[in-house]
Amino acid sequence: MKYSVFGVRLAALLLILATLYGYQVTAADRAQEITRVKAEALQIRRQREDEERERLAILAQKYKNGTFEGEAEGFGGLIKVHVTITEGNISTVDVVEHSGEDEVYFGMAAAVIEEIIAVNDPQVDTVSSATFSSQGIIRAVADAVSKAVKA
Amino acid sequence: MNDSSSQTPPKPLSAAALKERKTRRKMLVGVGIRLVFFVTMPAAFATGFSGIKYLMTAIGAGESLSMNSFVWTLMGLLAFTFLFGRFFCGYVCAFGTLGDAVYGLSAWIQKKVFHRKKPLVFPDKVYRPLQKVKYVVLAVLVLLCALGSYSLLTGWSPWNVFSRLTAFQWPSAGYIGGIVLLVLIVIGMACQPRFFCQFLCPMGAVFSLMPVLPFSAVTSRSENCLKGCQACRKNCPVGIKPGEDKFLDGECVACEKCMHVCPKGNIHRPTHKIIRHEWVSLVLKAVLFFVMGVFLGLCRFL
Ligand code: SF4
Ligand code: SF4
Ligand code: SF4
């Protein structure tokens, strides 16, 4: 590559990086603001939910307590999970088997676990670009949870 | 000359034979490297592109960017290309390897079965414009991500189908579009070297816009060229004379084929002055990439 060509390309690359950096700074500010607003909203919602829960008491609990096993096809093989349910809510999800998954993708896909716990339900969206692995986790959790559903 | 040695010297090889031995050894090393990467990191190119997709999707949605494993992979690939040229494309990428394998097989069949002296290639007029198509592919994909409508293409990705196959899983029924595209691409691969790489690959489009450190890129000294010689360009899978074609220099996948066909030895990489044996330099780069790949989580087994 000639130095002139290299120089032009390097300048373009640096420009792109600088733009990304500028974007990131602005977006991070905005994200902070959004988190703050969300946290406030969440607090209000929590308060309401607490009141609601007291009213409905234990009747409303969705699932049986215990640890349940579930499995489903992932990207390159079976994904197995242990789902622990305490006080009727999904409290932990341990993936005990995921040897068929590529690590990069699995790492991204594992984000669905937090979401599942947050919404107390395995019906969450898959992670784009890591569809197979995240779908595998979701289905495995759903499989486990189906064993815990109150008749 | 030094004749003082008392033992009978081994029969000296002619310069041409020496050169051929050198080329052969390097070629074998290259094939070995590609096999290893094909088996261990078959999804690396798609992962790198996922980095771009993630960045564009996040920007389109106005979210702040985070350094996830896709972005790290993208940065690793781009940094490697900046330092060593498109070594990734030349020797690591499973899809590039697939293309070369398909073309190699097709050229062999054309020679043995149809007795064609030279395998088919697209004429110059056709393939120069086609080389620009990949930028359109890149632009369309990036735009779809930024608009948040990338999911429209679910099931249409030939890369997805390919990566399923490398995991020995048959792609599911929703992937008909991707399967059809993959078959078409393989047919294309049989007609032109690096068909997908030079015409369609969105990741290749990004790589071909990258700056490459001038002292590690493949270049030529054309003031010594034979008159009317086009050997390097004719033998180059992407049809360029390295260092001469300005913008097109980015197409170079650093395969180093041109070095061996130049009758004047005009094509070189300055780094080869430091590491004299070219095959050693290949192995070093491969090891370096492998270590990086393992850290990025690209390796299927480690
Ligand atoms: S151009 Fe694309 S498909 Fe070809 S080797 Fe490079 S990344 Fe792989
Ligand atoms: S033949 Fe030479 S110029 Fe062409 S891609 Fe290979 S290294 Fe680059
Ligand atoms: S093969 Fe060598 S001599 Fe011929 S055009 Fe290319 S660089 Fe010049």
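Predicted model: local features only at pLDDT ≥ 70, side-chain atom pairs only at ≥ 80, totals over all residues.
Chain B, which supplies the residues listed around ligand 1, comes to 13 helices and two strands in its secondary structure, whereas chain A is described here through its assignment into domain 1 and domain 2.

**Surroundings of the ligands**

- Around ligand 1 stand the cysteines Cys89(B), Cys93(B), Cys197(B) and Cys201(B), together with the phenylalanines Phe88(B), Phe95(B), Phe196(B) and Phe207(B).
- The shell of ligand 1 also includes Arg86(B) and Arg194(B), along with Gly96(B) and Gly204(B).
- Four helices of chain B, namely α4 (87–92), α5 (94–112), α9 (195–199) and α10 (202–207), each contribute at least two residues to the shell around ligand 1.
- Ligand 2 has 13 residues around it, and those that come nearest are Cys236(B), Cys252(B), Cys255(B), Glu256(B) and Cys258(B).
- The shell around ligand 2 consists of eleven nonpolar and two charged residues, with no polar ones.

**Salt bridges**

- Over all chains, the count comes to twelve salt bridges.
- One of the pairs is formed by the side chains of Lys22(B) and Glu278(B), with a distance of 4.0 Å from N to O. Because Lys22(B) lies in helix α1 (residues 15–40) and Glu278(B) in helix α13 (residues 278–296) of chain B, this pair ties together parts that are 256 residues apart in sequence.
- Within that pair, Lys22(B) counts as partly exposed at 44% relative accessibility, while Glu278(B) is buried, with a relative accessible area of 13%.
- The side chains of Asp100(B) and Arg34(B) meet in a salt bridge at 2.9 Å, N to O. This pair links distant parts of the chain, with Asp100(B) in helix α5 and Arg34(B) in helix α1 of chain B, 66 residues apart.
- Asp100(B) counts as partly exposed at 21% relative accessibility, whereas Arg34(B) is buried at a relative accessible area of 14%.
- Lys134(B) forms a salt bridge with Glu251(B), and the closest N and O atoms of the two are 2.7 Å apart. Here too distant parts of the chain are linked, since Lys134(B) is placed in helix α6 (residues 124–146) and Glu251(B) in the loop between α11 (231–235) and α12 (257–261) of chain B, 117 residues apart.
- Both Lys134(B) and Glu251(B) are buried.

**Overall form of chain B**

- The secondary structure of chain B comes to 13 helices and two strands. With a radius of gyration of 21 Å, close to the 19 Å that the globule rule gives for 302 residues, chain B is therefore as compact as a globular protein of that length.
- Taken along the principal axes, the C-alpha atoms of chain B fill a box of roughly 75 × 45 × 40 Å.
- Of the 302 residues in chain B, 49% count as buried.
- Among the contacts in chain B with a separation of 6 or more, 72% are accounted for by residues 24 or more positions apart.

**Domains of chain A**

- The domain assignment of chain A gives domain 1 as residues 1–62 and domain 2 as residues 64–146.
- The C-alpha centres of domain 1 and domain 2 of chain A lie 24 Å apart.

Definitions and conventions:
Residues numbered from 1 in each chain as written. Chains lettered and ligands numbered in written order. Heavy atoms only, no water. Domains from an automatic or database assignment. Near = heavy atom within 4 Å. Nonpolar A, V, L, I, M, F, W, Y, C, P; charged D, E, K, R; others polar. Buried < 20%, exposed > 50% of the residue type's maximum accessible area, 1.4 Å probe, protein only. Rg over C-alpha atoms; globule rule 2.2 N^0.38 Å. Contact = heavy atoms within 4.5 Å.
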